[in-house]
Amino acid sequence: MNNLQANYERILEVLRKISGENLLSYQRRVPKLKDLELIIVVLTAKFMGIDSENHLFRHIPDTLGQKIDRSVYNRRKRRLASKINEIRMKLARSFNEHEKFFIIDSMPIEVCKLSRSHTSKIFKDAEYCYPNRGFCASQQMHFYGYKLHAVCSISGIFQSIDLSPASVHDIHYLKDIKEQLSDCTLIGDKGYLSSEIQIDLFNYANIELETPKRVNQKDYRPQFYLFKKQRKKIETLFSQLCDQFMIKRNYAKSFEGFKTRILAKITALTVVQFINKAYFKRNINNLKVSII
C-alpha cells in the first residue's frame, strides 16, 4: 500500500497528457475530487489488485480520501465508465494507428457456480443483461455468466472489447467488428469459421478473416504457421488479465458495476503498456513491473 500514492501520481502524469479534466453534465456542483482524479484512483486500484472498495478506502492517502466518500466514489465511478473507455481507446489508437493485423477471441467470465445459477439474483437489473449458461470449447467447461469478446493487435494491445451472455456464439461479435475495423486482416480460431461471414466482412469493410479449416472440409489446408503463432498473443493477454488483474474476481451486484470493473481492469492494463513504452522503453507486455 506504500506505493499507492506513487502509482497514482505516475498514472495521473500520463493521463493528464491525453485527457482533459472537464466535469460531466450530471454534476451540479464542483466536486473536490475531479473526474480524471477519480478515474486514476480506479485504475491505480485495479493495477495493484485492489478490488474491495472498503479495503481501498482504508489505505487511500488522506489527500484523496478526504475529498470523496466511498459511496459517492462508487456511484461516480459507474457514471464515468464511458470516459474510462474513451481513455482506453485513445491509448489503443496511439499503438494501433497503422496496424493491419488483429486477433479475435473470447473468454468465459463466470459469475457464480452452475449449482447456484437458478437462485442467483445478481446482474439482473434488466432483461437485456441477464447472465446465462454457456459452454467454453477451449476449456471444455459449462459455466454461468458472460463472455468477454476482444480484438487485439499482434503487439498485444486491446482494440475492441464487448460483453455478451454466455450462450451467445462468438461469431455474432463479428457483426459489430465490421463497424469498428476496416482494411485489415483478422485472425481467429475455428469458432469464427463461416464462409458467409468472411465474404460479408470483406465486401463491407475490406476485412480478411483468417481462420483454420476443419480437417474434413473441402480444400483443407493448415493455417499459415505465423497466423497460428500470433493467435497465442490474445490468449497470453487473457491469462494476464486473469492472473495479475484477477478479472474473474467479482464483488459487484449490478451489471453496470460489473461492466465498469471489467472495463477498468482492461484500461489499467493498457495504461501500464503505454507507460512501459513511453517511459521505460521496455517490452510493453511485461506487466508485473514497477511503474514508478
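Okay, let's start with helix H6, residues 81–96, and check its length. At 1.5 Å a residue, those 16 residues should span 22 Å, and the end C-alpha atoms are 22 Å apart, so the two agree. Keep in mind that this is a predicted model.

Which residues of H6 are buried? We've got Ala-81, Lys-83, Ile-84, Ile-87, Arg-88, Leu-91, Ala-92, Phe-95 and Asn-96. Notice that Lys-83 and Arg-88 are on that list.

Next, the strands. S3, residues 141–153, pairs with S4 in the antiparallel sense, over 7 bridges.

Now the nonpolar packing. The largest core has 69 residues, and the ones with the most contacts inside it are Leu-15, Leu-148, Phe-158 and Phe-258. Helix H11, residues 255–280, gives the most to this core: 12 residues. There's another core apart from that one, with 16 residues, including Phe-102, Ile-171, Tyr-173 and Leu-201.

What is Phe-258 in contact with, leaving aside neighbours within four places in sequence? The list is Ile-109, Val-111, Phe-123, Tyr-146, Leu-163, Asn-250 and Ala-252.

Technical notes
Residues numbered from 1 in each chain as written. Predicted model: local features only at pLDDT ≥ 70, side-chain atom pairs only at ≥ 80, totals over all residues. Heavy atoms only, no water. Pairing = 2+ DSSP bridges. Helix = DSSP H or I, 4+ residues; strand = E, 2+ residues; numbered from the N terminus. Core = buried A, V, L, I, M, F, W, Y, C linked by side-chain atoms within 4.5 Å. Buried < 20%, exposed > 50% of the residue type's maximum accessible area, 1.4 Å probe, protein only. Contact = heavy atoms within 4.5 Å. Expected span 1.5 Å × (residues − 1).
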